[in-house]
Amino acid sequence: MLPKLTFIHAADLHLDSKMEGLTAAHPAMKTRLQESTFEALQQLVQYAITLQVDFVLLAGDIFDSNRQSLKALVALREACKELQAAQIAVYMQYGNHDYTGNKPVMRYPDNVHIFQSEQVETFIHSKNNVPAAAIHGFSYTARHVKTRVSKQYQSMGDNIYQIGMLHGSIMTGGPEDVYAPFTIEDLKQADFDYWALGHIHKREILTEQPPIVYPGNMQGRHRKETGEKGCYLVELEGQASTLTFLPLQAIRFEEVTFSVKEGWALYEAEARLMEASAAWEEMYGHVVLYVHFHGAADPLVKWQQENQLEELIDMVNEQQMQLGRLTVLAGFTVQVEFELDEEKLLERNDFTATLFFRSYKTEDIKRSLDELMANRQFRKIKHAYTEEEMQELAGEAKQLLLQTVMEVE
C-alpha cells in the first residue's frame with residue numbers, strides 16, 4: 001500500500017501582475033490590488049504549513065513575464081524559505097509567460113526543485129527517507145512550445161506515485177496549438193496518479209480518474225476573472241484521491257447588475273447604488289465590481305449621453321473610500337430597455353434597419369481600435385482587448401447609436 005501523500009497544486013501565480021482597468025480605483029485600493037498576488041502567495045504558504053503538506057507544486061506562469069521584477073523574485077524566494085523551515089519541498093516549472101531562455105534568474109533554497117528544459121525531467125520525492133513519488137515536468141524556454149510534450153511523460157520507479165506537471169492547453173488542431181498541446185488520451189495513456197496542469201485561469205477538473213486538474217489562477221487580474229481563485233489541496237492514498245479547493249485571492253473581481261427605474265433622479269440612483277455596494281461587499285468581501293446598468297431609457301440614455309454615469313461611479317467610489325471600504329466600481333456598461341418591432345424594421349429599407357441588423361466582424365472592430373491601441377498612454381491602462389470585449393464594445397456602440405437615431409425619428 002502506498003503511503004498517504006498530501007500536496008498543494010497551484011498555477012498561474014502571475015506575481016507582480018499589472019491589474020487592468022483600475023483607473024477608477026482610489027489609491028488605497030490600487031495599492032492593495034498591486035499587492036494582491038503577493039498576498040495570495042502568502043496565503044498559500046500559510047495553508048501549506050498549517051496543513052503540513054509534503055510538497056507544493058507550482059505549474060507555470062509563476063511570474064507575469066520573462067523579465068521578472070526583483071520584488072517578485074524576492075517574494076518567491078522568501079516564501080520558499082518559509083516552506084523550507086517547515087520541511088516542505090517545492091517543485092516548479094516555468095510557463096509561456098515566465099519562460100526563462102535557459103538562464104537561471106534567482107538562487108532559491110535547497111527545498112526548491114525547478115524543471116529547467118523543454119525535455120521532460122523527473123524528480124523523486126522521498127517521504128520519511130523512502131521514495132514516495134516521481135514528479136515529472138518541463139519548462140518553457142521560449143514563449144511557445146508547439147511540440148506535443150505530453151507524449152514524453154513516462155513512469156519512473158516502482159510502487160511510488162507518478163505525478164505529471166504540465167503547463168499547456170488541450171489540442172484543437174488549429175494555429176492556437178502553441179502551448180504544449182495535449183489530449184486527455186495522451187495523459188491517460190501515461191497511467192499517472194495525478195496531473196497538475198497550468199495555463200488556464202479558470203479552475204476545472206478535466207477527469208476524476210486519474211485527476212487531471214487545472215486549479216485556475218490564485219488571484220483575479222481583471223473583470224473577466226471573476227469568482228473565488230486559489231489552489232487545490234490534494235490527498236493521494238493508494239488508488240484514492242481527494243481534492244479540496246482552497247481560496248487564496250486577496251480581492252475578488254465580480255460583475256453585477258444595477259437596475260434603474262423609469263423617472264429616477266441621479267441622486268436616487270446614487271443612494272441606491274451606495275446601498276447595493278454595501279450589500280455586494282457583504283456578499284463578496286473586498287471586491288472590484290464591474291456594473292451593468294440596466295433599465296428604462298428615461299433616464300439611462302440621458303445620463304449616458306451627458307457622462308453622468310461616470311460622475312455617479314466617481315461619487316460612489318469617493319464615498320466608499322471615506323467610509324474606509326476597500327470596494328471599487330471599476331467600470332460599467334449600459335443596457336437600455338427599449339422596444340423595437342423587428343417585423344416593421346424588416347419592412348424598412350433605411351439606415352435604422354441596416355444598423356439594427358448589421359453585425360460586425362472582429363477584424364472590423366480591431367481596425368477601428370488601431371489608432372487607440374497605438375497610443376502609449378492608453379496601453380498603460382489597457383494593453384489588449386479580447387474578442388469578447390471587442391464584440392461588447394461594438395454592441396454598446398450600436399445600441400447607443402440606435403437610441404440616438406430613434407430619438408430623432
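In the predicted model, residue D12 lies in the loop that runs between strand β1 (5-10) and helix α1 (27-51). The backbone of D12 has a phi angle near 55 degrees, a positive value in a residue other than glycine. D12 counts as buried, because its relative accessibility is 1%, a value under the 20% that marks the limit for burial.

A positive phi angle is also found at Q87, where the value is near 60 degrees and the residue is again other than glycine. Q87 is placed in the loop between helix α2 (70-85) and strand β3 (89-93). With a relative accessible area of 73%, Q87 is exposed, since exposure is assigned over 50%. A further backbone feature concerns the peptide bond from Q209 to P210, which is cis, with omega near 0 degrees. P210 belongs to the loop between strand β9 (204-208) and strand β10 (211-214).

The overall architecture may be described next. The protein chain contains 11 helices and 15 strands. Its C-alpha atoms fill a box of roughly 80 × 50 × 40 Å, taken along the principal axes. Of the 409 residues in the protein chain, 50% are buried. Among the contacts in the protein chain with a separation of 6 or more, 70% are made by residues 24 or more positions apart.

Strand β10 includes residue V213. V213 counts as buried, because its relative accessibility is 0%. Leaving aside residues up to four places away in sequence, V213 touches H9, Y194, W195, A196, L197, E204, I205, Y232 and L243. By contrast, V213 and K81 are 132 residues apart in sequence, and their C-alpha atoms are 27 Å apart in space.

The packing of two helices was examined in detail. The axes of helix α4 (residues 266-284) and helix α6 (residues 308-322) come within 10 Å and cross at roughly 45 degrees. The crossing of α4 and α6 is right-handed. On the side of α4, the residues in contact are L266, A269, E270, L273, M274 and S277. These meet Q308, L312, M315, V316, Q319 and Q320 in α6. The residues of this contact between α4 and α6 comprise seven nonpolar, four polar and one charged.

Finally, the cysteines were considered. A disulfide is a covalent bond between the sulfur atoms of two cysteines. The structure holds zero disulfides. For C80, the closest cysteine sulfur is that of C231, at 14 Å, which is too far for a bond, given that a disulfide requires sulfur atoms within 2.5 Å. The sulfur of C231 likewise has its closest cysteine sulfur in C80, at a distance of 14 Å that is too far for a bond. C80 is buried, with a relative accessible area of 2%, and C231 is buried as well, with a relative accessible area of 0%.

Terms used:
Residues are numbered from 1 along each chain as its sequence is written. This is a predicted model: local features need pLDDT of at least 70, side-chain atom pairs count only at pLDDT 80 or more; totals for chains, interfaces and linings use all residues. Side-chain values use heavy atoms; hydrogens and water are left out. Axes are lines fitted to C-alpha atoms, for helices over the stretch in contact, and angles run from 0 to 180 degrees between N-to-C directions. Helices (H or I, at least four residues) and strands (E, at least two) are DSSP runs, numbered from the N terminus. A crossing is left-handed if the near helix is turned anticlockwise from the far one by less than a right angle, and right-handed if clockwise. Contact means heavy atoms within 4.5 Å. Ala, Val, Leu, Ile, Met, Phe, Trp, Tyr, Cys and Pro count as nonpolar, Asp, Glu, Lys and Arg as charged, and the others, Gly among them, as polar. Buried means under 20% relative accessible area, exposed over 50%, partly exposed in between (1.4 Å probe, protein chains only).
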